[in-house]
Amino acid sequence: MTKKKKADSQEKVCLGDESQSPPESEKPESEKPESEKPEVEKPEAGFPIIGIGASAGGLEALELFLKNVPDDSAMAFIIVQHLDPTRKDMMVELLQRVTTLKVIQIEERTVVKPRCVYVIPPNNDMTIYHGMLHLFEPTEPRGLRLPIDYFFRSLADDQQDKSIGVILSGMGTDGTLGLGAIKEKGGVVFVQDPNSAKYESMPKNAIEAGLADVTAAVEELPLKIVSYLKHKPYIDGSELTLPDKTRSSFEKVMILLRSKTGHDFSLYKKSTVFRRLERRMAIHQIDNVTTYVRFLRENPQELELLYKELLIGVTNFFRDPKVWEQLKTEVLPEFLAGNKKQVLRAWVPGCATGEEAYSLAILFKEAVELIKSDQKPTLQIFASDISQDAIDKAREAIYPANISADLSPERLERFFVQVDDNHFQVAKSIRETVIFAQHSIIMNPPFTKLDILSCRNLLIYLTQELQKKMIPLFHYSLNPGGLLILGNAETVGNHTNLFEPLPGKSRLYRSLESTEKAEPFEFPSPRVPSHPLPSKPAENIQSLMDKLILKLYAPATVLVNKIGDILYISGRTGNFLEPAAGKANWNIFAMIREGLGYALNNAFQTAGRENKTVTVKNAVVKNNGETKTVNITVQPFEEPESLRGMSLIIFKEVNEPKKPRARSKASYDDVESGRVAELEEELQQAYQQIKHLREEAQATHEKYSATNEELQSSNEELQSINEELTTSKEEMQSLNEELQTVNHELQTKNEQLSQVNNDMKNLLESIEIATLFLDNTLKVRRFTSKTAEIFKLIPGDVGRPLSDIATNLDYPELEEDARKVLRTLNTNERAVPSGGENWFKVKIMPYRTLDNKIDGLVITLINITEYKKLEADLRKIQDDLERGMVKKDRKLDKAEKNLMTEKKKHN
């Protein structure tokens with residue numbers, strides 16, 4: 001508590017906080033406000049802050065790094081590690097031995113100063129805010145914490161394009177997401193070469209994610225950082241003001257990029273593009289854009305790296321959680337309640353590596369599950385980006401394990417599959433709802449008829465002029481009432497007639513129906529080939545006259561294929577054809593004007609069927625309230641070969657004679673009779689048409705009847721096959737169940753057999769009795785290790801006859817005795833010598849199975865050498881005892897004789 005209070009008081013002084021400080025007259029010099037301190041005591045500003053991430057096993061890499069930091073370096077280094085929270089940390093003492101920089105363990109509200117190394121204490125997460133370090137208790141359980149990602153993200157927010165991240169040796173994927181945040185803000189990333197790292201996982205993941213700007217051995221990284229920082233930027237403010245020569249070189253870079261990739265970055269914000277370009281120049285220690293242009297031309301791979309740098313393809317799952325929470329709990333439920341479609345369409349432009357698109361798919365699935373209805377809509381998401389590499393990664397949907405920092409445990413378990421220790425893959429059910437495509441929102445037409453459009457943090461990188469054109473384009477793409485989702489720094493601007501904001505602070509909008517005609521958006525045309533086009537030859541008078549005559553006097557003609565699709569038009573056909581409403585349809589029967597459809601169809605069918613020219617006279621066409629008479633000719637082609645199957649349709653207007661003003665009665669009668677004749681002719685034509693239709697209907701009916709009979713026959717066959725397949729399926733299912741049962745039993749038996757074998761092996765080895773198993777033909781079946789000391793046996797001898805096996809036993813009758821046991825089934829035992837003084841008790845007995853069948857022999861050999869020796873010793877002792885008793889008897893006899901002699905003498 002004492003240290004914390006001291007640190008708090010010091011930091012309040014640094015920040016000029018006087019709310020709880022003593023009067024100025026009572027303050028010591030060290031606690032006076034910044035304005036009253038001597039000039040030399042003011043904190044230094046503008047120095048670089050470098051974040052370093054390493055695992056607990058990265059001590060060696062950290063020592064090598066700090067050893068090579070120049071002593072006069074005006075940099076601050078903040079080290080974040082995976083430390084054991086249960087042990088005392090010795091990092092400060094260990095690192096202080098290898099560097100002249102001051103090494104400090106971080107406390108709450110530590111102010112970062114240059115020429116210092118700051119080490120995170122165990123069991124803490126850390127952030128930086130306005131150059132001050134703050135400590136937090138970890139919220140994740142041990143083993144799931146990502147302190148490097150946590151700090152790097154904070155460093156990116158605090159230092160913006162001045163942030164520098166370094167990844168050294170370490171296990172896992174911690175740091176990759178944080179480096180992405182640094183790259184997004186325009187910072188730079190240095191990574192230890194995995195080949196020089198003790199643990200390559202962390203550096204390797206950063207490189208595979210495409211985030212490393214510089215990769216080198218750890219001892220080389222400090223000087224590369226110093227060289228990068230020595231590069232002086234051209235611009236300091238938000239406006240891009242460049243000399244003409246520099247601007248010309250800048251435009252040349254844009255030209256090289258467009259030639260290489262096909263994308264025009266001149267529509268991006270100039271300041272953003274130039275800062276990214278400057279960063280690449282600093283990495284290569286290039287001082288001016290002119291030199292960099294030459295470097296680009298000499299090193300095409302640098303163009304690809306600059307292109308990837310400009311794409312800023314950095315994102316993460318459920319970025320800005322409050323936006324997603326509002327979508328799930330407020331916006332989508334209301335939107336889905338008013339929806340009647342089964343399939344909704346969404347578009348995510350600038351999707352990068354797919355996190356945003358998959359987040360939308362997951363959120364929609366969760367929102368739909370809350371709907372109390374049997375018919376739940378599905379969402380088809382189109383996700384696009386100009387980078388093919390990003391699209392490929394998005395389709396794979398494999399992400400580092402540290403995405404757990406952005407996902408709840410429930411979502412991670414439900415919507416992801418762990419493919420290895422360091423990676424997760426989006427579940428197949430989510431991947432199938434997203435279609436990825438390479439697409440430029442600037443150069444290609446948009447997706448249309450959308451219900452949801454999510455374009456977050458893309459417009460901020462485009463010029464204001466282009467942003468103003470994009471909003472009407474989004475309105476054109478969305479259905480009325482559709483949802484538009486923008487980034488926190490993006491708005492619809494003045495287009496309030498096209499979109500209305502939804503409640504809340506999130507940039508969520510609803511598309512409005514607008515009667516105003518949108519300003520047309522012109523997409524760039526494909527690039528013109530670099531080679532010059534051939535010059536157009538001069539036309540002669542004859543060709544000009546032929547064209548003029550065709551134009552003035554030739555009838556309107558149309559060339560069609562066998563189904564009526566128009567292939568070529570000559571002359572003025574506007575009086576006979578007009579485009580149909582809706583989707584473009586170039587079929588002549590869809591474009592024919594009112595009154596000509598039946599006549600043309602009849603003539604076209606007859607000409608195609610009979611392969612002859614057919615003419616329909618005096619057909620009446622209606623055009624703009626007027627009626628005209630026209631003759632239609634349909635001429636099919638058989639030759640030349642290139643026109644075979646096509647037909648030429650000719651429209652020729654018929655000029656009717658003008659009627660006189662005054663007519664006599666006779667003339668009126670003539671007119672009347674002519675009218676009757678005309679009507680009779682029309683009636684006759686109608687009869688012919690009806691007859692023709694009946695014939696066609698009859699032929700069609702017969703054709704359909706025959707087809708129907710064939711289909712019925714085929715249907716019966718298919719039903720029969722289906723029944724057979726159903727029966728076979730049931731049989732297969734039954735058989736499969738039986739096989740599964742048998743397989744289970746076999747597995748159980750196999751396990752039991754394995755267990756018995758293990759028990760038997762251990763039993764035989766433990767009793768140390770040599771045992772030899774033979775089959776009925778006296779071939780070796782199995783033997784214990786002790787047997788190999790008596791018989792010259794190796795594993796390859798299994799299956800060989802007993803007679804072929806050499807042995808140390810002096811037992812020539814072994815094979816004969818074995819056969820005798822097989823014949824009589826009586827056990828045979830005998831003691832047999834074995835080379836030298838060794839003796840074995842050889843016991844031969846039948847091998848009986850559990851069902852009492854004889855299946856070979858079992859020969860056991862027990863070493864009885866010691867027993868034989870004892871037996872010999874006992875015999876010797878017995879002999880000695882027997883010889884001793886004889887001598888004693890002789891002495892007694894002699895004593896008795898002497899006694900008798902003495903008695904006689906006394907008597």
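**Figure 1. Lys102 and its partner across the strands.** In this predicted model, Lys102 stands opposite Cys116 in strand E5. Helices (H or I, at least four residues) and strands (E, at least two) are DSSP runs, numbered from the N terminus. Strand E3 (residues 102-105) runs parallel to E5, and 4 bridges join them; two strands pair if DSSP finds at least two bridges between them. Strand E2 (residues 76-81) also pairs with E5 in the parallel sense, over 4 bridges. Here Phe77 has Val117 in E5 as its bridge partner. Which residues of E5 point one way, and which the other? Cys116 and Tyr118 point one way from E5 (residues 116-119), Val117 and Val119 point the other way, and all are buried. Buried means under 20% relative accessible area, exposed over 50%, and partly exposed in between (1.4 Å probe, protein chains only).

**Figure 2. A covered helix, H5.** How many of the residues of helix H5 (residues 176-184) are buried? The count is 9 of its 9 residues, so the definition of buried (under 20% relative accessible area) applies to each of them. Among them are Thr176, Leu177, Gly178, Lys183 and Glu184. The cover over these buried residues includes helix H4 (147-159), strand E9 (188-192), helix H6 (201-208), helix H9 (270-283) and helix H11 (300-311), as well as E8. Just after H5, look for Gly186, which takes a positive phi of about 95 degrees.

Figure 3. Leu814, Asp817, Ala818 and Val821 are buried in helix H22 (residues 814-824). Seen down the helix axis, the buried residues of H22 fall within an arc of 105 degrees, so they line one face of the helix. That arc is taken from the directions from the helix axis to the C-beta atoms. On the other side of H22, Glu816 and Arg823 are exposed. Strand E28 (828-834), strand E29 (838-848) and strand E30 (854-863) are included in what covers the buried residues of H22.

**Figure 4. Thr433 in its loop.** Thr433 sits in the loop between helix H16 (428-431) and strand E16 (434-438). Is Thr433 buried or partly exposed? At 23% relative accessibility, Thr433 counts as partly exposed. Leaving out residues up to four places away in sequence, Thr433 touches Ala361, Leu379, Gln380 and Ile381, where a contact means heavy atoms within 4.5 Å. Thr378 is 55 residues from Thr433 along the chain, and their C-alpha atoms are separated by 8.4 Å. A polar atom of the Thr433 side chain lies 2.7 Å from the backbone oxygen of Ile430.

**Figure 5. How confident is the prediction?** The pLDDT is the predictor's confidence in each residue, from 0 to 100. The protein chain averages a pLDDT of 78, and 81% of the residues score at least 70. Among the elements of the chain, helix H1 (residues 2-15) has the lowest mean pLDDT (38), and strand E8 (residues 164-167) has the highest (92). Over residues 1-43 the pLDDT is below 50, and beyond near neighbours in sequence this stretch has 37 contacts in the model.

**Notes for all views.** Residues are numbered from 1 along each chain as its sequence is written, and side-chain values use heavy atoms, with hydrogens and water left out. Because this is a predicted model, local features need pLDDT of at least 70 and side-chain atom pairs count only at pLDDT 80 or more, while totals for chains, interfaces and linings use all residues.

Terms used
A polar contact is a pair of N or O atoms within 3.5 Å; within protein, one must be able to donate a hydrogen and the other to accept it, and residues adjacent in sequence count only if both atoms are side-chain atoms.
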